[in-house]
Amino acid sequence: MTDLARVWIVPVDVPPDTAADCLDVLDNGERARAAAFLSPRDRQRFTVAHGALRFLAGHELNSPPGAFTWTPGRNGKPELAPPWSGVHTSLSHSGDMIAVAISTGRPVGVDIQHLVPGLDPAALAARFFPPDEHAHVAAGGDAGARADRFAQLWARKEAVVKAAGGRLWPNLTIAVHDRDVVSCAEPRAAHRVSDLPAPAGFRAAVALAGAAPFALTATIGPGAAPAMAS
C-alpha cells in the first residue's frame, strides 16, 4: 500500500473567526508561546500555523484538534505523543504563507520559501550548494528566475532535513536538483522528495523518509481555510 502525505498551504491572513478557531484549539503552552510574541503579525502567524496543523491532524485521525500533544524528538523536532505516536507531522512558514503536512506512514517534512527580492541567489548558491546546483541557479535567465531556482532547491533541502529530524547546516550540500530520491547527509538515509504547487512568489516541497514512492494530496490557498473549523 502506498503511503500518503497530506499538505495544506494556507495564508496567515485568515478571517477573524478562523483565527479565533485556531486559537481555541491550542494547548496552554502554545497559547503562552503565541502571547510572548511582541509583534501581532508574528502572533497571528504562530496561532494560525499551529491551529492549522491541529485541524489537519484532527481531520486525518478523526479526533478533536485540541486533543493532541507534541513532545521534542530527535534534534528537537516535535513528535506526536501516544496514542498518535505513529503519525508524523511537519510545519513551515515563510512570508505570508503557512504549510502543514501529515503522514500516517513515514516521517514527513514540508517547507515553503518566499522568493525574497534583493538577494543574490547565485552568490548564495555558490556559498551553500554543490557546484552543479550553483550552476543551475546561476543559469537562470534573470534575477526572478535565479531567485525561483534557489528557493526551489532550498525548499527541497529543508523538507528532507525536516523529515530526517536532522540539522540544516550539514545538509545544505546534499544534491536535490532533478532528484526524486535524496541521500540525506545527517542522519545518513534516503528520502523521497516532491515539489508542491504553491502560490505565486513561493516555492514548496514535501519529503518522506525512505526511497519508496508516496501519494500526495495538497490543498492550496484560501480554499483550505474553511476546513479549519470545529
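How many bridges join S6 to strand S9? In this predicted model, the count is 7, and S6 and S9 (residues 202-209) run antiparallel.

## The sheet

S6 and S9 belong to an open sheet of 4 strands, ordered S6-S9-S8-S7 and paired in antiparallel fashion. Strand S6 (108-114) and strand S7 (181-184) form the edges, each pairing on one side only. From one strand to the next, the twist averages 30 degrees.

Val 110 stands opposite Val 206 in S9.

## A helix across the sheet

Helix H6 (residues 143-164) lies across S6, S7, S8 and S9. Strand S8 covers residues 189-196. Relative to S6, helix H6 runs at about 155 degrees.

## The H2 and H3 pair

Two packed helices are described by the angle between their axes and the distance between the axes. For helix H2 (residues 28-36) and helix H3 (residues 40-61), the axes come within 8 Å and cross at roughly 155 degrees. Angles over 145 degrees count as roughly antiparallel, and H2 and H3 are therefore roughly antiparallel to each other. The crossing of H2 past H3 is right-handed.

On the H2 side, the contact involves Glu 30, Arg 33, Ala 34 and Ala 35. These residues meet Arg 43, Phe 46, Thr 47, His 50 and Arg 54 in H3. By class, the contact of H2 with H3 has 4 charged, 3 nonpolar and 2 polar residues.

Conventions: Residues are numbered from 1 along each chain as its sequence is written. This is a predicted model: local features need pLDDT of at least 70, side-chain atom pairs count only at pLDDT 80 or more; totals for chains, interfaces and linings use all residues. Side-chain values use heavy atoms; hydrogens and water are left out. Axes are lines fitted to C-alpha atoms, for helices over the stretch in contact, and angles run from 0 to 180 degrees between N-to-C directions. Helices (H or I, at least four residues) and strands (E, at least two) are DSSP runs, numbered from the N terminus. Angles under 35 degrees count as roughly parallel, over 145 as roughly antiparallel, 65 to 115 as roughly perpendicular and the rest as oblique. A crossing is left-handed if the near helix is turned anticlockwise from the far one by less than a right angle, and right-handed if clockwise. Contact means heavy atoms within 4.5 Å. Ala, Val, Leu, Ile, Met, Phe, Trp, Tyr, Cys and Pro count as nonpolar, Asp, Glu, Lys and Arg as charged, and the others, Gly among them, as polar. Two strands pair if DSSP finds at least two bridges between them.
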